[in-house]
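Here are my notes on this one, for when you have the viewer open. Have a look and see what you make of them.

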Amino acid sequence: MKRLIAPLATAALLIGLAGCVPGMPTPPSNPESGSSETGSSETGQASEETTSGPVAFGEFAQVSKDLGAKLKVSVGAPADFTPTDSLFEPERGKYVAVDAQAELLAGTVDNISDDEFTLVDSQGNRYEAATVSLDNMFLHLLTEGEPVSGKIVYDVPADATGFTVEYAPTDSQEKELGVLASWK
């Protein structure tokens, strides 16, 4: 359900902004997928190298999306998580959380949501973000130069290990862009 809400909210916002902002580009009829570039978390500066492999947890990856949106995204190492105000108990065994950061580097507007981040364990099992309380939802409308951060929580088996986090957003037309960045 959340995978549907975030793109719909983005689409509605972009349609509204397109009518209000002169010179707003229209979506291309055949948008291209983005690229992944890595950079240092110490400097926050992205390099011009394109990489196909994962970035270390805590490092920034720069990704390009449609409509000229360029984001800088970082995901911290997964750690066991016990929420203080959980609405739900874990169904699979335990909660694991990552700290995520994002900043829009270029583009008019974009969003980022916890449902764009998938946790993958060493066995290849994939886990979508879990809502454990209203405070843990990571959904932000990004504006250029204003970094956002939050926690993304996953419900995983108690013995799951060897995690990788993948960032796979959709474009403004709700077309999946594939994995644009990953952290290990």
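Which side chain does the side chain of Asp110 join through a polar contact of 2.9 Å?

1. The partner is Lys65. A polar contact here is a pair of N or O atoms within 3.5 Å, where one must be able to donate a hydrogen and the other to accept it, and sequence-adjacent residues count only if both atoms are side-chain atoms. Bear in mind that this is a predicted model, with local features needing pLDDT of at least 70, side-chain atom pairs pLDDT 80 or more, and totals using all residues. Numbering runs from 1 along each chain, and side-chain values use heavy atoms, without hydrogens or water.

2. Asp110 sits in strand 7 (residues 110-113). Asp110 counts as buried because its relative accessibility is 8%, and buried means under 20% (1.4 Å probe, protein chains only). Beyond residues up to four places away in sequence, Asp110 touches Leu71, Leu104 and His140, among others; contact means heavy atoms within 4.5 Å.

3. Leu71 is one of the residues with the most contacts inside the largest nonpolar core, which has 31 residues. Such a core is a set of buried Ala, Val, Leu, Ile, Met, Phe, Trp, Tyr and Cys residues joined through side-chain atoms within 4.5 Å. Strand 6 gives the most to this core, with five residues.

4. Overall, the protein has one helix and 13 strands, taken as DSSP runs numbered from the N terminus (helices H or I, at least four residues; strands E, at least two). Of its 184 residues, 43% count as buried.

Conventions: Buried means under 20% relative accessible area, exposed over 50%, partly exposed in between (1.4 Å probe, protein chains only).
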